[in-house]
Amino acid sequence: MGPVLAGVLQLLALIGALALAYIPLGDYMAKVYSTDKHWRVEKWIYKGIGADPDTEMRWTAYLRGVLAFSAVGVLFLYLLQRVQGVLPGSLGFASIDPDQAFNTAVSFVTNTNWQSYYGEQAMGHVVQTAGLAVQNFVSAAVGIAVAVALVRGFARSRTGELGNFWADLVRGVVRILVPGAFVAAIVLVACGAIQNFSGIHEVGQFMGGSQQWNGGAVASQEAIKELGTNGGGYFNANSAHPFENPTPFTNLFEIFLILVIPFALTRTFGVMVGSVKQGYAILATMATIWIGFTALMMWTEFAHHGPAFDIAGGAYEGKEVRFGVGGSSIFATATTLTSTGAVDSFHSSFTGLGGGITMLGMMLGEIAPGGTGSGLYGMLIMAVIAVFIAGLMVGRTPEYLGKKIGAREIKLAACYILVTPALVLVFTAAAMALPTPVNSMTNSGAHGFSEILYAYTSASNNNGSAFAGLNADTQWFNSALGLCMLFGRFLPMVFVLALAGSLAEQKPVPATAGTLRTEKPLFTGLLVGAILIVTGLTYFPALALGPLAEGLAS
Amino acid sequence: MNNSVSNTARLLGAGLRALLVLTLVTGVLYPLAVTGIAQAAFHHQANGSEIKADGKVVGSSLIGQQGYSLDYFQPRPANGLGENSVNTQYKLILSGATNRSGDNPELIKWVKEAKAKVVKENSTADYKVKPFQVPADAVTSSGSGLDPDISPAYADLQVHRVAERNGLPVAQVRKLVDEHTEGRTLGFIGEPRVNVLELNIALRELVEGD
């Protein structure tokens, strides 16, 4: 069997596994967010919070909950890093500098997990486990909560109520993420991922001398890092590090963990709006883009155009032997079409076009299938745009799921899709225009520009992966990227929740012969087209200067 | 105004309490539970899959090492590997890739030099390596810099050199490589690979056993 066929078979196996999980997990999550029963442990937690989980919130109250919880999260994580030097259980590691601590705190709270630090030399057990890993759980749960609020906006009518933020947050953690991550962590340990709280290991080497590694709760963090589409590695090499991703099987398993919740949420959506077919149409849109991108990625990486790869005889720079080109391509596409940003191979050393595919995946807004929660709400915003475009074509007031898409709804959706491109392009332009940021580049020419474009794309879309040649631990990058992450996460959430509130207040309009059938393949086609055109037109000039220029030259 | 300030304070208080409670669940109880099971059921893996030779720990079977003499099988290059620049009371391995692009002059130079080196080192009196035989993994750095494996093709390429330098028959060394070649998981997951440290431990045992 050749490597190409093996790569294709891995993709097919992955599709099969995701298909098996789709209905049970999607239905389960719909139940989690619909039931009025509380688990006993949840009641204890609500008591600790001092919140009544049965109070319905309007969109403004829901948003205030999201923002308050996230603000406290940033502050707590910032302080934890700033006092690391005196924390016990931190291997004697020094405190983190203010600009880097700010960047990292924002990064993990926004589900981005951009890292301007080297995990193994900077972060001790306490910060990793009680700080960073905690945000891996709760930032993912916040994302799902906001998505569920939007789905309720479609499902409910004549009310402004969207549910209770604290209940959605706690249920996401307790009923979905912790059980899922627990099982996944045990599987990862069984395959070789480390899980201990010992200090620095010093072990002998074959040729004499010794080497030092740090131990840590790696498997438990790795599991939620993928399942919550977070992506912040315990070690600098992220999921390329053998202690995070030891075998070819764990590689495929981690890709599965990245994709399983975002895909299954389309089922949750279908169940909650009372038509699983609507969920299938969204799923089909996500799957079309995901499979298309993965196929393109495999093609360009196996073809390995580029001077260094031609001499080497393959695009193996930055890739591990055990994963190969196939496994690395599938991972790279999955991580950039979601908000994950974990890497099992280094995107900067992909072919020019391969690097471009990772960037385009993020630029689409990470909606195929996207981050936990953020993928679903991002895709539903695009669906609103798509029915609007279709409505313009036939001259009817657009409707989606029985709700009129009027001026207010379109304004909110338009604001949503303008936020990230504005952040990416303005900050990239600023970095190129200023004298010092370009000193951070490792590569020159088109690829150097790509390093900077990639960084702002990754931060603003809350991905967190990098063309890691860029030295991002400077005051400019720590601060500017931190702001991109903050605005890129919370401004869209404001628009999503405002839209949800507006939809929930409407009374449903009955479907007529003139209503666009949004559960049909025609709509899926329209939606894919709308996504590619909206993004393509926005980013094409920037992509042409970076990855396209590099890819076409080789 | 006072009302909104106290409302905000109350909200932030709820946020803080939520964070602390969830930190207890996900940042203390969860990792401790996983660690407990991991240490009880998968002690070897959870502590780094250490591997011994002659009763001494010589590394982890998952972590590739550099610096083997030419008597032994060589690993992949690791130009992205570093050493810690902060907390320098330790000498930690800093995992990482080169992050050089395909058109980067430095990477082109590294690949060319690595290829010439592999050809030269592995050509023996009666076995000449040709440049096109050198597989890509032999001349490129991995993502982690710690890749424990090489491709079977790169191991095969080294068989003649290793046999000559250790005074072993080529067939015997080739058999050793075959025994240490791991195929794709379930026949299709990942790529076939040879663990360099395990192979070299077996080689040393073979040589010292003679």
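Domain bounds here come from an automatic or database domain assignment, and the model shown in every view is a predicted one.

**Figure 1. The two domains of chain B in the predicted model**. The assignment divides chain B into domain 1, covering residues 2-44, and domain 2, covering residues 50-209. Between the C-alpha centres of domain 1 of chain B and domain 2 of chain B there is a separation of 43 Å.

**Figure 2. The contact between chain A and chain B**. On the side of chain A, 105 residues take part, and these are in contact with 89 residues of chain B. The element that gives the most to the side of chain A touching chain B is helix α7 (residues 165-191) of chain A, with nine residues. Sorted by class, this side of chain A comprises 60 nonpolar residues, 37 polar residues and eight charged residues.

**Figure 3. The overall fold of chain A**. Chain A contains 18 helices and four strands. Its radius of gyration is 22 Å, close to the 24 Å that the globule rule gives for 554 residues, and chain A is therefore as compact as a globular protein of that length. The C-alpha trace of chain A spans about 75 × 55 × 50 Å along its principal axes, and 65% of the 554 residues of chain A count as buried. When contacts in chain A between residues at least 6 apart in sequence are considered, 79% of them join residues at least 24 apart.

**Figure 4. The packing of helix α6 of chain A against helix α14 of chain A**. Two packed helices are described by the angle between their axes and the distance between the axes. For helix α6 (residues 125-155) of chain A and helix α14 (residues 374-394) of chain A, the axes come within 7 Å and cross at roughly 35°. From α6(A), the residues A:Gly143, A:Val146, A:Ala147 and A:Leu150 meet A:Ser374, A:Leu376, A:Tyr377 and A:Leu380 of α14(A). By class, the residues of this contact of α6(A) with α14(A) are six nonpolar and two polar, with no charged residue.

**Figure 5. The surroundings of A:Lys403**. A:Lys403 is placed in strand β4 (residues 403-404) of chain A. Because 20 or more other C-beta atoms within 10 Å make a residue buried, A:Lys403, with 24 such atoms within 10 Å, is classed as buried. Leaving aside residues up to four places away in sequence, A:Lys403 touches A:Phe154, A:Leu503, A:Gln506 and A:Pro508. A:Ala431, by contrast, is 28 residues from A:Lys403 in sequence and 42 Å from A:Lys403 in space, C-alpha to C-alpha.

Technical notes: Residues numbered from 1 in each chain as written. Chains lettered and ligands numbered in written order. Predicted model: local features only at pLDDT ≥ 70, side-chain atom pairs only at ≥ 80, totals over all residues. Contact = placed C-beta atoms within 7 Å. Helix = DSSP H or I, 4+ residues; strand = E, 2+ residues; numbered from the N terminus. Nonpolar A, V, L, I, M, F, W, Y, C, P; charged D, E, K, R; others polar. Rg over C-alpha atoms; globule rule 2.2 N^0.38 Å. Buried ≥ 20, exposed ≤ 12 C-beta atoms within 10 Å, placed from the backbone. Axes fitted to C-alpha atoms, helices over the stretch in contact; angles between N-to-C directions.
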